[in-house]
Amino acid sequence: MTEASRAAGEVKRRGRELGFSAVGVTTLEPSAHADFIDRWLAAGYAGTMTYLHRQAARRRDPRAIFPAARRAVVTLTNYFHGPAPRPTARVAQYAWSTDYHEVLGRRLAALAAEIARLVPGSTSRAYVDAGPVPERELAQRAGLGWIGKNAMLIRPGLGSFTFIGVLLTDAALDADLPFAADRCGTCTRCLDACPTGAFVAPRTLDARRCISYLTIERRGDFTPEESGLTGDWLFGCDVCQDVCPWNERFAGPTADTALAPRPELAAPDPDAFAREDDDLFRRRYGDTPFARPGPAGMRRNARALA
Ligand code: B12
Ligand code: SF4
Ligand code: SF4
């Protein structure tokens with residue numbers, strides 16, 4: 001066994017001990033789907049997410065972020081809480097707990113410290129969601145699953161209700177083989193179930209029609225058409241994951257105490273957002289996913305509820 005193979009095995013073992021559901025390693029080379037990113041942006045599908053345009057060059061070639069990096073250590077973290085009750089104002093399950101950027105950031109920092117211990121002199125940098133990293137593609141290349149027609153990274157035995165966290169590292173670690181299969185087959189359940197028809201093709205989402213975009217990323221007021229799209233979703237949307245047979249079969253409730261559901265997030269009173277002033281909102285939701293749209297965005301979402 002080579003040193004790089006031993007170190008990669010240890011990194012995965014420690015990752016699991018730290019609470020990650022799965023860990024894989026992949027090489028860093030330009031995105032195999034750089035054209036897809038360009039076409040997606042040029043079509044205007046990113047809406048007001050202008051940061052995606054600014055990050056495009058680095059997303060196409062993640063080595064540009066950290067030129068010394070040789071590998072990506074990619075992690076999955078199960079956040080599923082079980083079949084969801086249906087309150088009047090629905091919240092996507094990923095947002096039922098404290099902001100995952102904080103939880104995963106701490107855990108990735110601990111894994112980076114382990115890599116530095118196993119490969120002395122190495123440096124690693126953590127990315128969760130916000131960085132210019134093509135996270136789902138790196139996860140597929142690290143052997144963790146395939147990218148479904150709903151655009152989600154799906155792992156056999158686990159499903160797709162997972163967060164992805166990435167460490168770019170200059171440590172010498174053996175890479176895993178990519179996940180080669182596409183296990184969607186002839187299924188089209190997610191495409192058919194999307195309440196707004198946001199998929200223009202399998203794996204291609206017009207974010208401007210996606211409830212997740214509208215309720216989380218969209219800035220400013222909704223147009224009358226947008227108000228009619230969000231239905232009973234107050235924040236995010238889980239429909240294209242809920243209907244997936246791989247989730248029906250494999251998604252199981254997480255035992256991760258750092259991601260324990262908080263009642264004010266899982267089943268909020270939508271009228272409260274209009275009553276609470278901005279200071280109260282920040283005290284109550286400052287460490288939660290609701291901070292992204294902020295008080296004005298959450299009031300807007302509540303007004304649009306069907
Ligand atoms: C912008 C963004 C959004 C936007 C746009 C989503 C989209 N589909 O592009 C909006 C706000 C709509 C959104 C919604 C959601 N998001 Co989001 N989002 C992101 C973010 C920040 C960037 C994604 C991006 O670059 N989009 C641009 C398009 C062009 O890229 P892409 O869809 O990722 O496609 C890539 C591959 O699929 C590939 N590709 C294309 N065709 C093919 C074909 C094959 C065969 C292969 C292998 C690859 C491939 O090309 C692209 C480049 O790699 C990532 C974090 C990150 N840094 O990557 C999180 C991320 C993708 N989101 C995540 C989550 C959880 C969600 C929601 C489930 C939240 C919710 N419940 O409301 C929804 C799901 C909606 C959906 N079905 O995609 C997770 C997904 C985890 C997973 N297991 O897949 C991520 C990775 C964040 C994280 N760190 O955990 N999101
Ligand atoms: S998150 Fe909801 S609105 Fe967005 S693509 Fe999936 S089903 Fe459609
Ligand atoms: S619902 Fe069907 S088509 Fe969509 S991601 Fe799941 S298996 Fe693939």
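Is Ala151 buried or exposed? Ala151 is buried, with a relative accessible area of 9%. Here "buried" means under 20% relative accessible area, "exposed" means over 50%, and "partly exposed" is in between, using a 1.4 Å probe and protein chains only.

Before the points, some ground rules. This is a predicted model, where local features need pLDDT of at least 70, side-chain atom pairs count only at pLDDT 80 or more, and totals for chains, interfaces and linings use all residues. Residues are numbered from 1 along each chain as its sequence is written, chains are lettered from A and ligands numbered from 1 in the order in which they are written, and side-chain values use heavy atoms, with hydrogens and water left out.

1. Let's stay with Ala151 for a moment. You'll find Ala151 in the loop between strands S5 and S6. (Helices are DSSP runs of H or I with at least four residues, strands are runs of E with at least two, and both are numbered from the N terminus.) The phi angle of Ala151 is near 75 degrees, a positive value in a residue other than glycine.

2. Asp129 sits in the loop between strand S4 (124-127) and H6. Asp129 counts as partly exposed because its relative accessibility is 38%.

3. Now look at Asn150, in the loop between strand S5 (146-147) and strand S6 (153-154). Asn150 is buried, with a relative accessible area of 4%. Its side chain reaches the backbone oxygen of Cys240 at 3.0 Å. That is a polar contact, meaning a pair of N or O atoms within 3.5 Å; within protein, one must be able to donate a hydrogen and the other to accept it, and residues adjacent in sequence count only if both atoms are side-chain atoms. Not counting residues up to four places away in sequence, Asn150 touches Cys190, Phe199, Cys240 and Gln241, where contact means heavy atoms within 4.5 Å.

4. Asn150 turns up again with ligand 1. There are 39 residues around ligand 1, and the closest are Glu135, Glu137, Asn150, Ile164 and Ser212. (A residue is near a molecule or strand if one of its heavy atoms lies within 4 Å of it.) By class, this shell has 22 nonpolar, nine polar and eight charged residues. For the classes, Ala, Val, Leu, Ile, Met, Phe, Trp, Tyr, Cys and Pro count as nonpolar, Asp, Glu, Lys and Arg as charged, and the others, Gly among them, as polar. H6 gives the largest share of the shell around ligand 1, four residues.

5. Leu153 has a backbone N or O atom 2.9 Å from an oxygen atom of ligand 1. For Asp238, a polar side-chain atom lies 3.2 Å from a nitrogen atom of ligand 1.

6. Around ligand 2 you'll meet, among others, Cys194, Phe199, Cys210, Cys237 and Cys240. This shell has nine nonpolar residues, one polar and no charged.

7. The structure holds one cavity of 30 Å³ or more, and the largest cavity has about 60 Å³ of space. Asp238 is one of its lining residues, and so are Trp96 and Trp233. The lining splits into seven nonpolar, no polar and two charged residues. On a 1 Å grid over the protein atoms alone, a cavity is a set of points where a 1.4 Å probe fits but cannot get out, while a pocket is an open set with protein on both sides within 12 Å along at least five of seven lines; lining residues have an atom within 4 Å of a point. Grid points are joined across faces, edges and corners, and a volume is the space filled by probe spheres set on the points.

8. Last one: Val166, in strand S7. Val166 is buried, with a relative accessible area of 0%. Leaving aside neighbours within four places in sequence, its contacts include Ala72, Leu108, Tyr127 and Glu135.
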